[in-house]
Amino acid sequence: MSAKDFFNGLAARADPAKTAGVNNSYFFDIEGEGQWTVDVRDGSVSVAEGGGDADVTIAASADDFDKIVAGEMNPTTAYMSGKLKIKGDMGAAMKLQKLF
């Protein structure tokens with residue numbers, strides 16, 4: 001699954017029970033694939049292609065992002081090894097593992 005496919009289907013796959021009470025925005029910069037802003041607002045998830053203001057900025061190569069999405073790479077390990085770069089609200093970033 002490409003990053004574009006992942007983000008295009010994200011809102012439909014999001015579990016409202018998991019996103020309830022979460023109010024954060026995430027900017028994903030996937031090298032060679034594109035940029036997306038994901039807005040999570042109390043059970044609702046919206047995805048827009050392109051950048052914008054966000055609580056957290058997450059950057060990764062397309063290959064590493066694909067491995068994380070496929071469950072082949074642990075996001076925490078990717079961050080600790082520098083393959084996943086996170087800027088902004090780390091608390092909001094940690095919520096991502098539970099949301100999707």
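Why are aspartate 63 and lysine 67 separated by about one helical turn? They are four residues apart in helix 3. Helices here are DSSP runs of H or I, at least four residues, numbered from the N terminus; strands are E runs of at least two.

This is a predicted model: local features need pLDDT of at least 70, side-chain atom pairs count only at pLDDT 80 or more, and totals for chains, interfaces and linings use all residues. Residues are numbered from 1 along each chain as its sequence is written, and side-chain values use heavy atoms, with hydrogens and water left out.

**Stop one: salt bridges**

Stay on Asp63 and Lys67. Their closest N and O atoms are 3.4 Å apart, in a salt bridge (a side-chain nitrogen of Lys or Arg within 4 Å of a carboxyl oxygen of Asp or Glu). Next, select Asp39 and Arg41. Their side chains form a salt bridge at 3.1 Å, N to O. By this rule the count is two.

**Stop two: the largest pocket**

Select Phe28, Ile68, Pro75, Leu96 and Gln97. Of the 22 residues lining the largest pocket, these are the closest to its centre. A pocket is an open set of points on a 1 Å grid over the protein atoms alone, where a 1.4 Å probe fits, with protein on both sides within 12 Å along at least five of seven lines; lining residues have an atom within 4 Å of a point. Now colour helix 5 (90-99). Helix 5 gives the largest share of the lining, five residues.

**Stop three: helix 4**

Finish on Tyr79, in helix 4 (residues 75-80).
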